[in-house]
Amino acid sequence: MPKISTKGVNMPESPIRKLVPYAEDAKKKGIEVFHLNIGQPDIKTPEVALEAVKNNTVDVLAYSRSEGSEEYRQKIAKYYNKRNVPVLANEIIVTTGGSEALLFAMGSIADPDDEIIIPEPFYANYLGFSTASGVNIVPVISKIEDNFALPPMEEFEKLISSKTKAILICNPNNPTGYLYSKEEIQKLADIVKKHDLFLISDEVYREFIYDNEVHHSVLSGFGLDNHAIVIDSVSKRYSMCGARIGCLVSKNKEIISTVLKFAQARLSPPTFAQIASEAALETPQSYFDEVIVEYKARRDILIAELMKIEGVKVAKPKGAFYCVAELPVDDADKFAQWLLEDFNLNNQTIMVAPAAGFYSTKGIGTKQVRIAYVLKKEDLIRSVEILKAAIKKYNEK
């Protein structure tokens, strides 16, 4: 029998999606499953985006430009400039989701066995993207006891080698909800300039900021024109995960011209989805104001309820719509599967994402789970009730 590639064998499973078959089996038994495992917002997609697709007059669904349509990129540039991110349309490449933007970024800056430093826990698919690109992740560990704040900058510098090409951050962070301060971004900027590295910033959750905090883009006043690469997406901002539209933004002309070659190889981003995404940029601010109020209320309820469970540690997020909780169980992976296979409370159970999959360091995060607070408040309260009862029963086994 022909052999699978080493790359294919090493490709990690998604901690977010790998338990789906168990959830589906539970539903077939008539059990209601509360999905806390995936960042699929229940907020309605802006009507203006849906109407743009319903009412379009396209006669031929043709290719768009490889870098995305001119009109859409012009409007994206206006969006950024309103947020003190001074970029031009020709500094933007539209991609098939933020995922493709990350793959293009890694392919453009790193060769096989090069290294990218990433604070962990990190978005689980970074591990998949790096495996697909032949790139090695070098982790800097942040701790739940410190609310997942960045470790001292000296820890980053210790890890820089001749193979280091970039530092990659997610701001605000998935899975922790940590929001980087202006001072932290400046320190990272100083490091990448000193060592001539790239700073890749995944900013797809920039709209979701709480407690009167401020999001600072790496393209806003840090002197990183030649070093910064921003990854973005419409998925979470407009509750349009299925559109699969993102973009890569950089003022570095060589980066943009290189990324464009990758974009040309896959031809073009989807046309209908660009139509919807372009229209979504007309979404009124009131939409986001309401969404932030709702997510903050959900966050506050979830954190308060989790803290009532004996033995649970939880970091309070300042952005995005995730938190990481450490549970008093022996193995969060086994516990998450057991929740779906063997446990229910009045015919209800929950699905969480085991957090070990958000680390590249083996043995770290094995008792942690990521919880997405993308459900209505009463469902979050009920989910924590189920979690509390499940922990008690699991530890009695």
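Two strands are taken to pair if DSSP finds at least two bridges between them. Helices (H or I, at least four residues) and strands (E, at least two) are DSSP runs, numbered from the N terminus. The model is predicted: local features need pLDDT of at least 70, side-chain atom pairs count only at pLDDT 80 or more, and totals for chains, interfaces and linings use all residues. Residues are numbered from 1 along each chain as its sequence is written, and side-chain values use heavy atoms, without hydrogens and water.

An open sheet is formed by 4 strands in the order β9-β10-β13-β12, with antiparallel pairing. β9 (313-314) and β12 (353-354) are the edge strands, each pairing on one side only. β12 runs antiparallel to β13 (residues 368-372), and 2 bridges join them. Alanine 353 has arginine 370 of β13 as its bridge partner. Helix α11 (residues 285-306) lies across β9, β10 (322-326) and β13. The helix runs at about 5 degrees to β10.

The largest pocket has a volume of about 490 Å³. A pocket here is an open set of points on a 1 Å grid over the protein atoms alone, where a 1.4 Å probe fits, with protein on both sides within 12 Å along at least five of seven lines. Lining residues have an atom within 4 Å of a point. Of the 25 lining residues, Ser99, Tyr123, Asn125, Lys236 and Arg244 are the closest to the pocket centre. Two or more lining residues come from each of α5 (97-109), α6 (125-133) and β7 (228-233). α5 gives the largest share, 3 residues.

Key
Grid points are joined across faces, edges and corners, and a volume is the space filled by probe spheres set on the points. Contact means heavy atoms within 4.5 Å. Axes are lines fitted to C-alpha atoms, for helices over the stretch in contact, and angles run from 0 to 180 degrees between N-to-C directions.
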